[in-house]
Amino acid sequence: MKKDIQHTKDLFRQLLELLKKENEDEFAYMINQLELGLRFIDEYENISSVERNINQLYCELRQVYININKPRVGLSDFFLWKDDDGERVKANETLDAIKNDLRQLFRDH
């Protein structure tokens, strides 16, 4: 489970970095949701092991994932635009890998 938490945290951070690099106002909602998810993880990691509830954490993180995947405004329809074809393909391969990993993670939890 600890491995899944760290993997989720890494994926949220990677996605957050990609969105912030694009510097688009339209991504503000997804950025805020990812930051919220990272706070949930940090709070979970900072409480005593007796009080930890992994199911509650993944319930909160799943809601963040649902919120960033809303049609037409979310991750499901998001891609990175670069003028250079090679850059665009490489950037979107990275993005697609993150999306696929997140999808798989939340299928498993």
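Threonine 8 is buried, with a relative accessible area of 0%; buried means under 20% relative accessible area, exposed over 50%, and partly exposed in between (1.4 Å probe, protein chains only). The model is predicted, so local features need pLDDT of at least 70 and side-chain atom pairs count only at pLDDT 80 or more, whereas totals for chains, interfaces and linings use all residues. Residues are numbered from 1 along each chain as its sequence is written, and side-chain values use heavy atoms, with hydrogens and water left out.

Threonine 8 belongs to helix α1, where helices (H or I, at least four residues) are DSSP runs numbered from the N terminus. Not counting residues up to four places away in sequence, threonine 8 touches Ile41, Tyr58, Leu61, Leu105 and Phe106; contact means heavy atoms within 4.5 Å.

Helix α1 itself may be considered next. The 21 residues of α1 should span 30 Å at 1.5 Å a residue, and the C-alpha atoms at the ends of α1 are 31 Å apart, which agrees; the expected span is 1.5 Å times one less than the number of residues in the helix. The buried residues of α1 are Ile5, Thr8, Lys9, Leu11, Phe12, Leu15, Leu16, Leu18, Leu19 and Glu22. An α-helix has 3.6 residues a turn, so residues three or four places apart point the same way. The cover over the buried residues of α1 includes α2, α3 and α4. After α1 comes asparagine 23, which has a positive phi, near 50°.

Charged side chains provide further links. A salt bridge is a side-chain nitrogen of Lys or Arg within 4 Å of a carboxyl oxygen of Asp or Glu, and by this rule the count comes to six salt bridges. In one of them, lysine 9 pairs with aspartate 42, and the closest N and O atoms are 3.1 Å apart. This pair links distant parts of the chain, since lysine 9 is in helix α1 (residues 2-22) and aspartate 42 is in helix α2 (residues 28-45), 33 residues apart. Lysine 9 counts as buried because its relative accessibility is 8%, whereas aspartate 42, with a relative accessible area of 32%, is partly exposed.

Another salt bridge joins the side chains of lysine 82 and glutamate 22 (3.1 Å, N to O). Here too the pair links distant parts of the chain: lysine 82 is in the loop between α3 and α4 (85-108), glutamate 22 is in helix α1, and they are 60 residues apart. Lysine 82 counts as partly exposed at 23% relative accessibility, while glutamate 22 is buried, with a relative accessible area of 17%. Salt bridges that share partners also join Lys9, Asp42 and Glu45 into one network.

Lysine 21 counts as exposed because its relative accessibility is 60%.

The account ends with asparagine 67. This residue lies in helix α3 (residues 54-67) and counts as buried, at 14% relative accessibility. Leaving aside neighbours within four places in sequence, asparagine 67 is in contact with Tyr29 and Gln33. The C-alpha atoms of asparagine 67 and lysine 2 are separated by 24 Å, the two residues being 65 residues apart along the chain.

Note on methods
Helix = DSSP H or I, 4+ residues; strand = E, 2+ residues; numbered from the N terminus.
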